[in-house]
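Subject: Structure handover

Hello,

Here is the structure you are taking over. My notes on it follow below.

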Amino acid sequence: MFASRAITWEVSASRGFETAWVQVGDGVLLARGRAVGTDPEPYWVTYDLDTADGFVTRRLRVTAESADGSRTLDLRHDGGGAWTADGERLPDVDGALDCDLGLCPLTNTMPVLRHGLHQAPGEMEFLMAWVSVPDLTVRPSRQTYTHLGPGQVRYASGDFRSELEFDEEGYVVEYPSLATRLTVR
């Protein structure tokens with residue numbers, strides 16, 4: 001059985017907003033979202049995210065629109081560690097379990113839920129298929145998530161660090177310097 005939520009964040013990093021309609025149940029997350037931002041340039045983004053068992057990304061479809069026109073990305077994980085973008089292999093992100101859509105607080109949910117890091121002690125390092133917004137370039141990103149206390153997780157990637165707040169269901173409430181949740185339904 002799936003629990004449905006509509007979540008809206010003010011995304012300070014893009015000077016914009018994002019709304020995601022999310023369904024979670026039995027280790028699977030399905031979401032569709034829309035975002036608007038003005039930094040690094042004015043853009044609109046729409047996405048559909050499907051995960052397999054264990055909140056492992058199966059597919060992320062993204063469309064970005066800006067003054068330069070419209071771009072699309074169909075990012076797929078084969079379940080065995082290999083990734084493709086629009087049908088082309090991405091060997092640099094082989095082994096990654098998750099996508100990470102830039103400026104999107106929702107995509108921090110999958111690794112946190114998979115390992116219960118919002119509720120229980122632990123530290124995990126991940127390789128992510130990171131998608132830059134609004135150009136939709138896919139790059140490898142090493143990220144570490146560390147449980148700091150109930151609902152508190154430190155996120156680190158390279159020199160960047162931030163202490164994220166999650167609700168009991170594993171959704172971002174506060175991501176300093178990136179986003180603040182406005183609503184949940």
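I start with phenylalanine 126, which counts as buried because its relative accessibility is 6%, under the 20% cut-off for that label. Please keep in mind throughout that this is a predicted model.

Aromatic pairs

The structure contains four aromatic pairs. In one of them, phenylalanine 126 meets tyrosine 145, with ring centres 5.6 Å apart; the planes stand at 75 degrees, so this pair is edge-to-face. Phenylalanine 126 belongs to strand β10 (residues 123–131) and tyrosine 145 to strand β11, so the pair ties together parts that lie 19 residues apart in sequence. Tyrosine 145 has a relative accessibility of 0% and therefore counts as buried.

Tyrosine 145 also pairs with tyrosine 155, again edge-to-face, at 5.4 Å centre to centre and with 80 degrees between the planes. This second pair links strand β11 to strand β12 (residues 152–157), where tyrosine 155 sits, and the two tyrosines are ten residues apart. Tyrosine 155 is buried too, at a relative accessible area of 7%. Taken together, ring pairs join Phe126, Tyr145, Tyr155, Phe160 and Tyr175 into a cluster.

Threonine 146

Strand β11, which spans residues 138–149, also holds threonine 146. Is threonine 146 buried or exposed? With a relative accessible area of 12%, threonine 146 is buried. Its side chain makes a polar contact of 2.8 Å with the side chain of glutamate 123. Leaving aside residues up to four places away in sequence, threonine 146 touches Gly122, Glu123, Gln152, Val153 and Arg154.

A charge over a ring

Elsewhere, arginine 32 lies over the face of tryptophan 21, at 4.8 Å from the ring centre.

Cavity

How many cavities of 30 Å³ or more does a search of the whole structure find? The search finds one. The largest cavity has a volume of about 70 Å³. Its lining is made up of Val11, Ser14, Phe17, Glu18, Ala35, Tyr43, Val45, Leu101, Gly102, Leu103, Cys104 and Val133. Strands β2 (16–25) and β4 (43–52) each contribute at least two residues to that lining.

If you want a place to begin, open the model at tyrosine 145, which takes part in the pair with phenylalanine 126 and in the pair with tyrosine 155. From there, go on to the residues that line the largest cavity, among them Phe17 and Tyr43.

Regards

How values were computed:
Residues numbered from 1 in each chain as written. Heavy atoms only, no water. Helix = DSSP H or I, 4+ residues; strand = E, 2+ residues; numbered from the N terminus. Buried < 20%, exposed > 50% of the residue type's maximum accessible area, 1.4 Å probe, protein only. Polar contact = N/O pair within 3.5 Å; in protein donor to acceptor, adjacent residues only side chain to side chain. Contact = heavy atoms within 4.5 Å. Phe/Tyr/Trp six-rings, centres within 6.5 Å; stacked < 30°, edge-to-face > 60°. Lys NZ or Arg CZ within 6 Å of the ring centre and 35° of its normal. 1 Å grid on protein atoms, 1.4 Å probe; cavity = no way out; pocket = protein on both sides within 12 Å on 5 of 7 lines; lining within 4 Å. Points joined across faces, edges and corners; volume = space filled by probe spheres on them.
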